[in-house]
Amino acid sequence: MKITFASTTIPRTGVVVAGVLADRKLTPSAAEIDKRTRGQLKKAIAASQFKGNKNQTLTLLTPAGTKFDRVVLVGLGKAKEIDDLQLQNTGGQIYAAVEKIGAPSVVVSVDDIDGLKMNAAEQAAEIAFGLRLRSYRFDKYRTKEKKSDKPTLKSIKVLCDGPTKARQLFGKKNKIADGVFFTRDLVSEPANILYPETFAEHAKSLTKLGVKVEVLGEAQMKKLGMGALLGVAQGSVREPKLVIMQWNGVPSKKGQKKSAAAKPLAFIGKGVCFDTGGISIKPSNGMEDMKWDMGGAGVVAGLMMALAGRKAKVNVVGVAGLVENMPDGNAQRPGDIVTSMSGQTVEVLNTDAEGRLVLADAIHYTIDRFKPKFVVDLATLTGAIIVALGHEYAGLFANDDKLASLILDSGRKVHERCWRFPLGDEYDKLINSDAADMKNIGSRGGGSITAAQFIQRFVGNTPWVHLDIAGVTWSSKGAPTVPKGGTGFGVRLLDRLIADHYEQKT
Ligand code: BES
Ligand code: MN
Ligand code: ZN
């Protein structure tokens, strides 16, 4: 979808969108349209439930005496309560109201509003970001969908004062949306199409943005001693891959040695392209959801796209541990003991607790090779996190209070919220094993915590945050800026973390 900005006056034809504040207070754009319709707008509002509240829209068909196809009013709520997140939601609501009208293009008119700190250009950029985020669709396999069910909208023109400023602000946000869409695509693809090798190919497409992409195969991982990751993969005919993506956005100074470059930030994702549970097989009901068990790796890839797309001045390494967890004659058995790259041994008591085994080697490798400033891992790791938090918050675990609070904060700012859980010796003990250094499951309670304790055994002293995104990677109900399906949760959060705290200022 094409989004453009202009400062021209409201057109006389087509579909126009204008805002209305709480208590039915017309914005200048809405007042202008009301004047042109000789008061029909106000009349229609008075005759409806539409009060200008923030989640309301009202669509008017071809007002008499005008050549408009539709006038769509969108509620903005109280001026002093409007902020960036709300404007993004407004954008999403506008998109939902106009996508299936049948028009190929729509004009959204944005005004300066008394009592609101953001000017029209800033508002326009946020609204446009929301429009774009909501416009995502994964319909490549729907060959017989009725034309009337497909969105007709191809372009949106946003009118505001200072369109150049709006265009510039939106430019960066649009790159973030590209990253979110990349993640959503990866998460939505079925496992017969997206498996370690094809995921790696998608990651390689980031090279054209300037990302350095390396792919390790089974033989290389064997050499490195990644027995934990390889054990998970051994029941699958699909070869596991470890994808290493580097974005070096900090300009190197003249004469500076490479080794003196800024330490990178590291993001590591669980990429289980399908999780049957292995020999500890899952019940068949709902098993199809396990196609998105690579969501953590998907976020890492999407984040790399966003950072490279907007040329962030930061050095970042993204690592995806890619496997398929299958039952097979060659599959890992409950009770098997594997040796991880760190040298620590693991008794695999449940082959369905596979994500932590993949992460163990991916994290050790990353820290060993890159000595990052910090590590954030993302994983659809436990069903228990859904029991605890439902689908609203991701679970956050950390060995570093400062990094934890920065991430909690970034999550609030972009409405990708996280909730911190405890870690501690008492929990750590629960994964001690009589046969090996540790086992891959705890006892009854605290399943998300014992999973995090397991991961912590592979991070050492590096500042680390683990995000359990099992509850937020897929949305069955949708939200204003998130259509149903893959959410891309994590891309905006981590991009914001970097933008606010780790980017070199120019
Ligand atoms: N991928 C699952 C966790 C999951 C469940 C993600 C539901 C998304 C939705 C993970 O590999 C898993 O199977 N975890 C087990 C761990 C248990 C065996 C200790 C679980 O949560 O049941
Ligand atoms: Mn599992
Ligand atoms: Zn899994």
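Reader: Which part of D352 holds the N or O atom that is 2.8 Å from an oxygen atom of ligand 1?

Author: The side chain of D352 holds that atom. Such a pair is a polar contact (N or O atoms within 3.5 Å). K282 also places a polar side-chain atom 2.8 Å from an oxygen atom of ligand 1, while G383 uses a backbone N or O atom, at 2.7 Å. Of the 520 Å² of accessible area that ligand 1 has on its own, the protein covers 77% (Shrake-Rupley method, 1.4 Å probe). This is a predicted model, in which local features need pLDDT of at least 70 and side-chain atom pairs pLDDT 80 or more, whereas totals for chains, interfaces and linings use all residues. Residues are numbered from 1 along each chain, chains are lettered from A and ligands numbered from 1 in written order, and side-chain values use heavy atoms, without hydrogens and water.

Reader: Which residues coordinate the zinc ion (ligand 3)?

Author: Donors are N, O and S atoms within 2.8 Å of the metal (3.2 Å for Na, K and Ca). Here K270 (NZ), D275 (OD), D293 (OD) and E354 (OE) coordinate the zinc ion (ligand 3) at 2.0 to 2.4 Å.

Reader: What is the geometry of the site of the zinc ion (ligand 3)?

Author: Six donors count as octahedral if opposite ones are over 155 degrees apart and all others between 65 and 115. The site of the zinc ion (ligand 3) is octahedral, with angles of 78 to 172 degrees among its 6 donor atoms.

Reader: Which two ions does D275 bridge?

Author: D275 bridges the zinc ion (ligand 3) and the manganese ion (ligand 2), 3.2 Å apart.

Reader: Is D275 buried or exposed?

Author: D275 is buried, at a relative accessible area of 2%; buried means under 20% (1.4 Å probe, protein chains only) and exposed over 50%.

Notes
Four donors count as tetrahedral if all angles lie between 85 and 135 degrees; four count as square planar and six as octahedral if opposite donors are over 155 degrees apart and all others between 65 and 115; anything else is irregular. A polar contact is a pair of N or O atoms within 3.5 Å; within protein, one must be able to donate a hydrogen and the other to accept it, and residues adjacent in sequence count only if both atoms are side-chain atoms.
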